[in-house]
Amino acid sequence: VNKIEYGEISTDLSPIIEELAEARFLQTESELEDLCEGLDLLSAPELKTLAKIFHLPNPNGQKHQLVDDFLRLAKQRSVFSRSQSGIGTVILKRVKDLAGRSVRVCKGPRAVFSRILLLFSLSESLVDEEAGSAGQGQLFTVLMVNMGRMVFPSYTVNRKTQVFQDREDLIRYATAAHLSNDIASAMVNGNWEEANHLYMCAKETWNELKNHPSLSYHRVLPEYLRHFTVGWVYTRILSQGVEILQRLHMYEDAVQELQTLLSQDVYCTDSRGRWWDRLALNLHQHLAIDCIRNGLADPLVRTGHRLSLYQRALRIRDSPSCKQFRCLFYDLPVITVEDVTHVTIKGKMCPQMGMGKSVFLMEDIDDEEGGEDFSVSTVMCSVEELALTHYRQNGFDQGIHGEGSTFITLYGILMWDIIFMDDIPDVFRNSYQTSPLDLYTDSFYENRRDVIEARLQQLHTASSETLAKLIADVWTTQEGKAAALVSWGRFISLQQVQSLVSCLGGMFLSGVFRRLSKDLRHCRGGLPDLVVWCTQTNHFKLVEVKGPNDRLSPKQIIWLSELKKLGAAVEVCHVQAVGGKSKRLS
């Protein structure tokens, strides 16, 4: 309570807290019986003080270590008490004394507020795994907007379709969303047995719900609204279950779950490529070939997943143990991808422990103008920074290590008015959206086909001056607004963006944007790490950088091939680690 301050309500909150506790909106410390929850109330210094009182072995340890030590101590039997919980009770009493008066919101009212916030702002809740936090992220967003520290793009909220049939439908959805969040937390923390228990409970609930009348209504909703239905969430939980089962070495159950998932073609459509690939990985060779064939025939399997399935088929075909199944490959669709230029540069790698990204050492030579003095300092850099230096030495005076966000930001700027256009119902359902709900679905292009094609045609024939003006118009009016695709800090200035689009040219940009418009969900990943360009000659190059033991992913292979077809100079820059004799980049 001593940490709660609401000066705008009252300087003394005690009577208000008492009133809320009497009305059962708040629980007080008198109801606190869980030692773990009590310990969580204390600050690190308070825990250390308590640790010294109870003579813990390491009273100056980290907070989480002290909590674990206290919980272990609480399980020991007291010499003076017959009850198992004797020491735990004593610790909890001391915890309450240290914490002072404490409150928390009761579960019932909390759930109501959580559901109100869920209804108010569906758009971000599941994307950000926010469903289990009672809408804290949404409340923070509203606060930031009210303080003027966050501004959203301008658009018209247009709710036409009712997503939830009734109160029970909303509660079923909220319950499933919280459960999915709990499973995700258990997985992140490596508690696989607990995750499996939660997943099995969820599966049982879903089997009871499968024939519920509300589901037939959900199935006819457009995909971008189906995301907010109970079936979509439970399908995602089943997908989490596949990983849980594999972690627990229950491979046959995992295969069955994958087959169940693939039979539910109205839910989690964007995950189907990954499911087919996993299923093929877990099946015997002749069954895997049929699985790959079905996966390649599935229209919802796109880009990198298609290539990944095809590559898996080639590996099976070429393995010595698969000779008797070679006849099964005759009707597989062939996926051809054109290779690009590969270059190799060398650099001294910094010795390191662990599995993090490679760190290189490079000499930074500061040469005085016209003088003989120069100083050399060794700097640590990433593999991409090493490559940028290589291209700078080869005449490219400008360069950005932005991966996909460079092109995605250009797309967000040059397509801004189309992304936030008003004519499509249900894609903007509240005032705090960074993008339309259909942005990552096939409906995005279908709903805006005519205006997108008109813009792509305009860009295709645009001069450098026109491109610079289009960029400037959006940049000067919208800079800083919270838009999902635009990273305003990706470029150092408006002039740098204009310089880059002038080099890239409208014809090339329209080709990249067509691909992004039709399938942003699957095409936003895999774009090259670096864009380098020469402001004098207007030449540019797109570069994927690979450190030692790093390989191209299927999505990267496809994008490099597509960019080459669109006329770009594209290459893969392999950075090879050398010994300590020379720190210089060669």
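Mentor: By class, the residues that line the largest cavity are two nonpolar, three polar and six charged. Please bear in mind that this is a predicted model.

Trainee: Which residues line the largest cavity?

Mentor: The lining consists of Glu223, Thr269, Asp270, Leu300, Arg302, Tyr440, Thr441, Asp442, Asp519, Arg521 and His522. The space inside the largest cavity is about 100 Å³.

Trainee: How many cavities of 30 Å³ or more does a search of the whole structure find?

Mentor: The search finds three.

Trainee: How should I read a salt bridge?

Mentor: In general, side chains of opposite charge can pair when their charged atoms come close. In this structure the count comes to 25 salt bridges. One of them joins Arg293 and Asp331, with the closest N and O atoms 2.8 Å apart. Arg293 belongs to helix 16 (residues 285-297), whereas Asp331 is in the loop between helix 17 (303-318) and strand 3 (341-349), so the pair ties together parts that are 38 residues apart in sequence.

Trainee: Which residues make the nonpolar surface patch?

Mentor: The patch, of about 790 Å², is made by Ile4, Tyr6, Ile9, Ile16, Leu20, Phe25, Val112, Phe113 and Ile116. Helix 1 (14-22) and helix 6 (107-120) are the elements that give two or more residues to this patch. Helix 6 supplies the largest share, three residues. Ile9 is placed in the segment before helix 1.

Trainee: What does UniProt list for residues 462-577?

Mentor: An unreviewed UniProt entry lists them as "domain: VRR-NUC". Over residues 462-577 the chain is 47% helix and 16% strand, and the end C-alpha atoms lie 43 Å apart.

Definitions and conventions: Residues numbered from 1 in each chain as written. Predicted model: local features only at pLDDT ≥ 70, side-chain atom pairs only at ≥ 80, totals over all residues. Heavy atoms only, no water. 1 Å grid on protein atoms, 1.4 Å probe; cavity = no way out; pocket = protein on both sides within 12 Å on 5 of 7 lines; lining within 4 Å. Points joined across faces, edges and corners; volume = space filled by probe spheres on them. Nonpolar A, V, L, I, M, F, W, Y, C, P; charged D, E, K, R; others polar. UniProt positions renumbered as here; feature names shortened; annotations may be inferred. Helix = DSSP H or I, 4+ residues; strand = E, 2+ residues; numbered from the N terminus. Patch = residues over 30% accessible without salt bridge, like charges linked within 9 Å, V, L, I, M, F, W, Y side chains within 5 Å. Areas by Shrake-Rupley, 256 points an atom, 1.4 Å probe, with all protein chains shown as cover. Salt bridge = Lys/Arg side-chain N within 4 Å of Asp/Glu carboxyl O.
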